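I opened the model and went through it element by element. These are my entries, in the order I looked things up.

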Amino acid sequence: MSVATKHKKDCCGCNACVEICPKHCIEMRPDGKGFHYPAVDNAICIECGACERVCPFPTHPEDVTRPSAAYAAWSNNGHTHTTSTSGGAAYELSHHILSQGGVVYGCTADGLDVRHIRVTEPDQLYRLQGSKYVQSDTRGIFSQVRADLRSGLTVLFIGTPCQTAGLKRFIGKRSDGLYLVDLICHGVPSRQMLLEHLKPLIKGHRIDALSFREDMKFRLRAKEKGTTIYTGGAMGVQPHDLYYDAFLEGTTYRPSCYNCGYSAPQRVSDITIGDFWGLQDSDRLPRQREDGVSAILINTPKGEELIEAIQPQIFSIRRPVEEAIAGNSQLRHPTRRRLPARVFSLLYPTLSFDNAFQGARVARKMQSLIKIIRNGCRR
């Protein structure tokens, strides 16, 4: 058995199968939408089953646990708080690991290249700050993590739940020095979609900085040497950006995102972090809610130990676990694959990204109109 026969909805592209293969007969290849899937050289494959055993899809019940505690938190450092996406909890966790001589793995936007990197110095942590609403490239990362652990280093890995689950199964049970942090993830478009959307907007400029959030504003900004070349966003940000709209409407995600067993109260990591949507009594907080508040879910004793270690660096308020779950649908179920997502999948890449999304929007409007007509006829 190998991953060669997997359906697209059952592959998250984590790359664990490629890195575990003893014969090196698997490689990740992009499909027409830019999502990478494993391709197996059957002439070399020995049917050992290693790739199937390491695959995080479907969800393995033994890999997940229900959170024991939840916190609303943010960094006590004002600069860290305001330059982070949602309070700076991930930054403080990373800084602690580095201060203990460990290493941190997380996602960076290196120009238009969104990928996971290894960080060893605190002055490089800025590269991991901020949300990236596109699937990151983790190729080669799991093997690096394993090498670090074998060298006796403490490792913190921050990623989407499926990436975290893939690494967890890749490393196996000997993971005492590994701390896993998963993000509350809504789903991921492909890097190809982002590049195709931005190409006519950046007009040939060489983008060296890309950001997806500014404070609590959903704004996509591309810069060249400190100068903004393009900016656009959603939810009141002008001008409106189609890539952002498509992301927030759940239209352009990887097929596995709509089938994700990790979008559930049971978590795969030691700690889960994200925005604390649905926070009750936020007007009583000593900081403005708009500055960003991290939701921290404690899933394992290791996670509790790590949060205790950074208490001097953060302000935290214990909240009911159910409050955090109720405020974020991705802690309850994956994004629904509604009609616009299905239409987009049919149209793209035959049509350009922007045109395919516009077509999906037309389909949604037609669906709404049909519902109105039907309801009117029933009266």
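**Entry 1: a buried helix**

I went to H6 and listed its buried residues: Pro161, Cys162, Gln163, Thr164, Ala165, Gly166, Leu167, Phe170 and Ile171. I note that this is a predicted model. For burial I used a relative accessible area under 20%.

Next I asked which elements the buried residues of H6 pack against. Three helices came up, namely H1 (16–20), H2 (50–54) and H5 (141–150). The strands in that list are E5 (113–119), E6 (155–159) and E7 (178–183). I also checked what follows H6 and found glycine 172, with a positive phi near 85°.

**Entry 2**

I looked up the pairing of E1 (residues 26–30) with E2 (residues 36–40) and found an antiparallel pair joined by five bridges. Isoleucine 26 has valine 40 of E2 as its bridge partner.

**Entry 3: the open sheet**

I then traced a sheet of three strands, open and antiparallel, in the order E8-E9-E10. Its edge strands are E8 (209–211) and E10 (227–233), each of which pairs on one side only. From one strand to the next the twist averages 10°. Between E8 and E9 (residues 219–224) I found three bridges in the antiparallel sense. There, leucine 210 stands opposite alanine 222 of E9.

Which helix packs on this sheet? I found H7 (residues 191–202), which touches E8, E9 and E10. The direction of H7 makes about 125° with that of E10.

**Entry 4: the nonpolar core**

I looked for the largest nonpolar core and found one of 39 residues. The residues with the most contacts inside this core are Leu194, Leu198, Leu210, Phe212, Leu220 and Phe344. Leucine 210 was already in my notes, opposite alanine 222. At least two residues of the core come from each of E4 (103–110), H7, E9, H8 (242–248), H11 (339–347) and H12 (353–378).

Last, I asked what phenylalanine 344 touches, leaving out residues up to four places away in sequence. Its contacts are Met193, Thr251, Thr252, Phe353, Ala356, Phe357 and Ala360.

Key: Residues are numbered from 1 along each chain as its sequence is written. This is a predicted model: local features need pLDDT of at least 70, side-chain atom pairs count only at pLDDT 80 or more; totals for chains, interfaces and linings use all residues. Side-chain values use heavy atoms; hydrogens and water are left out. Two strands pair if DSSP finds at least two bridges between them. Helices (H or I, at least four residues) and strands (E, at least two) are DSSP runs, numbered from the N terminus. Axes are lines fitted to C-alpha atoms, for helices over the stretch in contact, and angles run from 0 to 180 degrees between N-to-C directions. Contact means heavy atoms within 4.5 Å. A nonpolar core is a set of buried Ala, Val, Leu, Ile, Met, Phe, Trp, Tyr and Cys residues joined through side-chain atoms within 4.5 Å. Buried means under 20% relative accessible area, exposed over 50%, partly exposed in between (1.4 Å probe, protein chains only).
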